[in-house]
Amino acid sequence: YGDNQAHGRFLASEIRNATVSPANDTTGYKWGYMGCDWDNLVEEYVAKLEITPTLMVFNAGFWPNDRMSHNLGSILRSAKEVMGDNGRVVWKGITPMRGEQSVHPSSSDLAAKEWSYRYPWLSYEAFDTSSSINEEDYFDDKHFSNPSIYVPSMESRHNSQPCRRASRLHSCWWG
């Protein structure tokens with residue numbers, strides 16, 4: 001969502017039993033945080049989840065994100081604080097639009113890459129443009145249908161990391 005509003009239809013307390021289908025998918029959102037205020041999204045929303053994530057994945061994608069990039073250090077530190085000592089944060093770099101073969105990092109991508117040199121718990125994952133992507137992999141011009149295309153080996157890479165105390169990886173995706 002970049003500088004725009006990250007929003008959702010479910011409160012943190014409703015996540016375990018929440019399902020989205022045409023029958024219960026409404027247009028109203030129960031919460032929202034502007035991109036430059038994502039540290040509050042983490043502190044006020046993610047911190048209230050029943051299961052504390054051990055991995056958070058962020059990105060800004062094609063949304064404008066200049067303001068967010070200025071506050072990115074605070075956002076990343078908030079994510080780490082909520083998860084505790086064993087938590088890891090991944091910043092997923094921008095992905096190519098349908099029909100394009102190259103990507104140009106956003107201002108938040110560049111900021112996340114810089115922060116990744118300072119924080120050992122933060123990984124900057126540039127999208128591998130050498131991987132083969134087919135038209136049918138997209139469900140619209142900017143989004144893939146299968147989440148594993150975004151960071152294909154993340155699960156296997158992070159399985160051996162110290163953040164994996166639990167038997168399964170709990171993650172939150174924002175972006």
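Tutor: R98 counts as partly exposed, because its relative accessibility is 29%. Keep in mind that this is a predicted model.

Student: Which residues are linked with R98 in a network of salt bridges?

Tutor: The side chain of R98 meets that of E135 in a salt bridge, with N and O 3.6 Å apart. R98 also forms a salt bridge with D141, where the closest N and O atoms are 3.3 Å apart. The residues linked with R98 in the network are therefore E135 and D141.

Student: How many residues apart in sequence are the parts tied together by R98 and E135?

Tutor: R98 and E135 meet in a salt bridge. R98 lies in the loop between β4 and α4, and E135 in the loop between β5 and α5, so the pair ties together parts whose separation in sequence is 37 residues.

Student: Is E135 buried, partly exposed or exposed?

Tutor: Buried means under 20% relative accessible area, and exposed means over 50%. E135 has a relative accessible area of 42%, so it is partly exposed. D141, at 45%, is likewise classed as partly exposed.

Student: Now the chain as a whole. In what order do its elements run from the N terminus on?

Tutor: The chain has five helices and six strands. From the N terminus on, they run β-β-α-β-α-α-β-α-β-α-β.

Student: What percentage of contacts between residues at least 6 apart in sequence join residues at least 24 apart?

Tutor: Take the contacts in the chain between residues at least 6 apart in sequence. The part of them that joins residues at least 24 apart is 70%.

Student: Which element gives the most residues to the largest nonpolar core?

Tutor: That core has 28 residues, and W38, Y45, F58, L72, V89 and W91 touch the most other members. Several elements each supply at least two residues, among them β2, α1, β3 and α4. With five residues, the element that gives the most is α3.

Student: Which elements are included in what covers the buried residues of α3?

Tutor: The buried residues of α3 are L72, G73, I75, L76, S78, A79, K80 and M83. Their cover includes α1, β3, α2, β4, α4 and β5.

Student: Why do the buried residues of α4 line one face of the helix?

Tutor: The buried residues of α4 are S108, D109, A111, A112, W115 and S116. Seen down the axis of α4, these residues line one face because they fall within an arc of 160°.

Student: What do the buried residues of α4 pack against?

Tutor: α4 has 12 residues and spans 18 Å from its first C-alpha to its last, close to the expected 16 Å. Its buried residues pack against α2, α3, β4 and β5.

Definitions and conventions:
Residues numbered from 1 in each chain as written. Predicted model: local features only at pLDDT ≥ 70, side-chain atom pairs only at ≥ 80, totals over all residues. Heavy atoms only, no water. Core = buried A, V, L, I, M, F, W, Y, C linked by side-chain atoms within 4.5 Å. Buried < 20%, exposed > 50% of the residue type's maximum accessible area, 1.4 Å probe, protein only. Helix = DSSP H or I, 4+ residues; strand = E, 2+ residues; numbered from the N terminus. Contact = heavy atoms within 4.5 Å. Expected span 1.5 Å × (residues − 1). Arc of directions from axis to C-beta. Salt bridge = Lys/Arg side-chain N within 4 Å of Asp/Glu carboxyl O.
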